[in-house]
Amino acid sequence: MATSKEKLIIELKTKGVSLTKNQLKQLDKSTDGATKSFGRMAVGLAGATAALYAMGKATSFAIRVGKEFEQGMANVKAISGATGAEFKALEANARKLGASTKFTATEVAGLQTEFSKLGFTASEINKVTAGTLALAAATGSDLATSAAVGG
């Protein structure tokens with residue numbers, strides 16, 4: 001571990017060692033290099049810390065979004081009474097439309113839930129969801145309103 005120049009000079013003087021100007025210049029150069037190295041290391045650590053923090057936030061966000069989607073689909077399944085194959089088709093449709101429209105998969109699951117509440121079957125929901133999303137996007141209305149109008 002590097003010691004500061006002043007501390008080194010004090011230690012040497014207490015031991016009775018006197019330094020020449022050349023020795024002091026050399027000492028100055030060596031401590032300056034160590035100081036710069038520690039500065040670069042601190043910058044690197046700060047950058048790594050920021051990157052790890054950002055990764056943690058992104059991971060947390062992704063987990064939250066995933067949980068919201070899973071809860072939305074659980075609501076669809078409970079309200080619609082969709083069977084295994086029907087439910088898989090609804091989930092696949094929600095994921096596909098969530099990736100290809102301005103709406104998220106979680107929002108699509110919410111729309112599917114609204115259609116289920118209105119008594120639509122799983123097959124009917126799959127048929128009208130894309131059109132309802134297009135209507136909501138075109139009119140700027142929310143999905144619940146579009147479900148009531150579109151249904």
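## Salt bridges

A salt bridge here is a side-chain nitrogen of Lys or Arg within 4 Å of a carboxyl oxygen of Asp or Glu. Helices are DSSP runs of at least four residues, numbered from the N terminus. The model is predicted. It holds 3 salt bridges.

## The Arg95 network

Glu70, Glu91 and Arg95 are linked in a network of salt bridges. Arg95 pairs with Glu70, with the closest N and O atoms 3.4 Å apart. Arg95 lies in helix 3 and Glu70 in helix 2 (residues 21-80), so this pair ties together parts 25 residues apart in sequence. Arg95 is partly exposed at 44% relative accessibility. Glu70 is partly exposed too, at 42%.

Arg95 also meets Glu91, at 3.3 Å from N to O. Glu91 and Arg95 are 4 residues apart in helix 3, so about one helical turn separates them. Glu91 is buried, with a relative accessible area of 17%.

## A pair in helix 4

Lys117 and Glu114 form a salt bridge at 3.5 Å, N to O. Both lie in helix 4, 3 residues apart, about one turn of the helix. Lys117 is exposed at 54%. Glu114 is partly exposed at 28%.

## Asn93 and Gln112

Asn93 sits in helix 3 (residues 84-100). Its relative accessibility is 11%, so Asn93 counts as buried. Gln112 belongs to helix 4 (residues 105-117). Gln112 is buried, with a relative accessible area of 0%.

Leaving aside neighbours within four places in sequence, Asn93 is in contact with Gln112, Asn126 and Thr129. With residues up to four places away not counted, Gln112 touches several residues, including Met73, Val76, Leu90, Asn93 and Ile125.

Notes:
Residues numbered from 1 in each chain as written. Predicted model: local features only at pLDDT ≥ 70, side-chain atom pairs only at ≥ 80, totals over all residues. Heavy atoms only, no water. Helix = DSSP H or I, 4+ residues; strand = E, 2+ residues; numbered from the N terminus. Buried < 20%, exposed > 50% of the residue type's maximum accessible area, 1.4 Å probe, protein only. Contact = heavy atoms within 4.5 Å.
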